[in-house]
Amino acid sequence: MNVETQLDPMKDDLPLMANTSYMLVKHYVLDLDVDFKNKVIEGNIVLFFEPGSWYMKTSSAGKDCCQSQFDETCRMGACEPYHIPMINVSTCSSETEYDFAVSGKEEATSDENSNHSNNEQASGISSSKDCCDIENHGNKDFLLILDCCDLSVLKVEEVDVAAVSGIEKYTRSAKLTGVSKKLENLRNQIVHELVTLPADRWKEQLCYFTHCSQAPGCGELLFSTSTWSLEIRKLGTQTPADFPHAIRIWYKTKPEGRSVTWTTDQSGRPCVYTMGSPINNRALFPCQEPPIALSTWQASVRTAAGFVVLMSGENSAEPVQLQEGILSWYYYVSMPMPASTFTIAVGCWQEVKQQSFKQTTATETNAEFSLPSSQTDFRWHEEICGHVEYPCRFQNPAARLQAVIPYRVFAPWCLMESCEEYLLQLIPQCLSAAYATLGTHPFSRLDVLIVPSNFSSLGMASPHIIFLSQSVLPGGSHLCGTRLCHEIAHAWFGLAIGARDWTEEWISEGFATFLEDVFWARAQQLSQDEIKGQQELKALLRWRRLRDEVQNSEQELQVLRPKRESTGELSESGASVVKYGLKAEKIFMQVHYLKGYFLLRSLARTIGEVSYLTSLRKFVVKFHGQLVLSQDFLSMLLEDIPKQKGSGLTVESIFQNWLDTSGIPKPLVEEGETWKECQLVQQVSGEVTKWIQTNQRIRKSRKKKIKQDEVVFQQLLPDQLVLLLEYLLEEKTLCPRILQYLERTYHLRAQDAEVRHRWCELVIKHKYEPGYRDIERFLREDQAMGVYLYGELMVNEDAKQQELARKCFAAAQEHMDPSSAKVVAEMLF
């Protein structure tokens with residue numbers, strides 16, 4: 001399989017260009033300034049490398065393999081001409097601690113400590129020379145490829161880690177031969193010793209990563225950028241083993257960069273956040289995007305006083321004042337994870353403080369959710385971790401007992417009251433429920449941030465931090481609680497256990513959707529009957545959503561394993577593609593959530609809920625800190641249940657029925673009818689009948705009013721209201737008075753966003769003009785869910801509705817998520 005030749009950024013697949021088989025980033029040190037005036041993040045990043053697995057296996061033929069990889073890259077025309085930028089970044093000598101100017105701006109001066117004067121740079125290599133220029137430099141140099149997009153790379157240099165005071169202790173174990181006494185090899189030896197320190201020395205390791213990142217540069221490297229990558233080379237260096245293992249890249253983001261969103265919060269203050277976009281973090285910093293490139297990181301971020309910096313980090317950072325009006329925030333992680341999971345948010349967020357009386361509730365919750373003895377026994381069963389070495393919480397006795405990890409909530413000032421009302425109380429309940437289900441929390445703490453209204457989904461989980469849409473706050477605790485449970489589930493499935501191939505999104509989203517129900521039922525402390533009723537109602541709603549999505553989307557996007565047998569395969573260099581990763585409409589699809597959920601639900605019913613959850617806990621203990629493919633989970637599950645072998649349930653049959661085909665899976669087609677027998681669904685059906693009869697009566701009698709006691713309607717749960725409105729949407733006509741009465745009966749304008757969305761659909765379908773302001777409000781405040789409504793407003797071909805759609809889009813477009821804006825623009829124009 002030669003993936004490089006297939007990488008075409010004009011197609012729908014997202015290329016992952018980094019040649020991780022040759023060089024693997026083990027640690028990033030970011031040193032950045034956030035400039036709200038120019039909408040850029042700028043500074044430098046230091047990357048610490050080890051030779052990759054493929055290179056290590058074939059190191060005897062290392063030169064040949066790197067040669068072939070370099071030739072292939074040149075044939076593709078991936079490289080633009082190499083150049084050394086004509087800038088002069090001031091650095092300090094090795095005697096003084098390296099300290100980049102607080103402003104983060106490049107000092108355009110000719111300083112005596114600089115690595116090169118402009119004359120020296122010019123004499124290095126002409127920027128007009130192609131990377132494959134044989135006459136000048138042979139064609140045999142190793143080429144490092146990083147994932148990079150929408151970045152201005154200013155300079156790349158080797159870092160002189162040997163200049164760090166006290167670093168010589170990392171060279172003592174080196175068996176230095178005559179050849180390897182060269183300074184370059186000494187530097188690489190230091191980095192090797194540093195990145196391979198045992199887990200119990202992680203604090204020392206972090207300290208020396210900091211010192212090394214501040215060491216002076218010792219020679220600029222040639223670099224070139226293309227659409228998706230940054231290519232770096234050092235003249236005369238032919239193998240990954242000889243390539244510098246510590247490099248510093250000076251760069252700036254671009255205001256339009258697709259990994260970063262510059263906007264204003266709900267209080268009108270400027271803010272910026274990373275959006276988990278389809279291209280991940282490559283427009284935030286040059287990195288290795290393939291999931292296999294697990295790394296740790298640390299970051300210092302400077303910004304003006306008044307701003308709060310939140311990040312994927314183990315520590316709850318406290319700002320340090322560097323000078324008047326400038327604060328610095330420092331975060332780190334010691335658990336290796338894909339670079340795509342790194343998240344940052346900078347804004348004038350306020351911490352929503354816990355009231356003293358609420359603290360006791362959180363403490364009591366720990367006891368309420370203590371594990372049943374059988375689970376406790378399972379939990380303490382000593383397992384040897386299967387991941388690379390890091391300070392693992394699963395091996396920490398104190399962490400194993402922690403039902404509620406420390407948490408904080410941040411929001412813009414105007415939403416603090418809403419957060420205090422429900423969100424603050426829900427977090428300890430949901431964390432405890434998750435702990436009771438899966439055991440040890442993989443991460444030591446949690447920040448929850450209410451992101452700006454243009455955030456394109458209801459939530460996003462990253463290590464140590466969850467982004468929640470403001471849409472989850474109104475209308476009671478239900479939507480807020482279920483979404484919180486979904487994002488907390490990602491700590492295990494999606495973060496602590498990741499997909500080895502990103503096309504298998506169901507491993508993350510299917511599990512989180514399934515576990516959201518389990519956690520939420522436990523958080524509410526429901527009886528078994530209540531749990532069964534709520535979960536069957538939810539299953540019916542999801543089945544209807546899946547049915548609609550399958551009918552209205554491309555078949556190729558409905559397959560959960562689009563690469564089938566090739567899933568997880570990489571090219572020789574480690575490059576690959578994310579199938580359909582750049583298709584705009586894929587972002588709004590939920591098929592991998594829904595089909596994944598139904599597969600897991602089906603397996604739970606076949607195996608039995610108790611056995612199934614025990615298997616999930618076993619899977620978590622075995623695979624945390626690792627990347628998996630579908631067969632890893634399915635094989636372990638089926639091995640656990642020997643009696644299933646006679647039932648024909650195999651990994652192959654599950655692939656065939658659930659993961660490798662489009663449409664509704666065969667085992668699910670018949671199941672949709674069974675949920676209609678559930679009591680909560682029956683109750684909704686009874687209410688729908690009353691509404692239809694009342695509608696018919698009004699149309700016949702032409703009465704102006706409905707008498708208050710004429711029909712008594714029951715109170716309904718939020719999910720029941722969603723189903724009621726969906727059933728009513730299937731009615732051909734509802735008269736305006738029924739719609740008015742419907743809104744008043746259930747106070748629809750005060751309900752959660754899921755309910756209000758269905759209400760807006762009813763308003764659009766029946767051209768109910770008094771409800772148009774509800775649509776306007778929804779499209780302004782609930783952008784995470786509003787895209788579909790624009791299409792509905794246009795389809796009716798009603799002039800007023802189309803005008804409403806264009807008016808709302810014009811108001812929201814400037815701050816809208818780019819993918820959402822693109823899809824909506826195609827609907828409107």
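Strands here are DSSP runs of E with at least two residues, helices are runs of H or I with at least four, and both are numbered from the N terminus. The model is predicted, with local features requiring pLDDT of at least 70 and side-chain atom pairs pLDDT 80 or more, while totals for chains, interfaces and linings use all residues. Residue numbers start from 1 along each chain as its sequence is written, and side-chain values use heavy atoms, without hydrogens and water.

On β3 (residues 40–51), β2 pairs antiparallel through 12 bridges. These two strands form a hairpin with 4 residues between them, and K39 in the turn has a positive phi of about 55 degrees. D35 stands opposite V40. Of the 13 residues in β2 (residues 23–35), 12 are buried (under 20% relative accessible area, 1.4 Å probe, protein chains only; exposed is over 50%, partly exposed in between).

β12 also pairs with β15 (residues 326–338), antiparallel over 10 bridges; one of the partners is Y330, for S300.

The open sheet has 8 strands in the order β6-β5-β9-β3-β2-β12-β15-β14, with mixed pairing. Its edge strands, β6 (217–220) and β14 (320–323), each pair on one side only.

Helix α5 (residues 183–195) packs on this sheet, touching β2 and β3 among others; contact means heavy atoms within 4.5 Å.

Key
Two strands pair if DSSP finds at least two bridges between them. Axes are lines fitted to C-alpha atoms, for helices over the stretch in contact, and angles run from 0 to 180 degrees between N-to-C directions.
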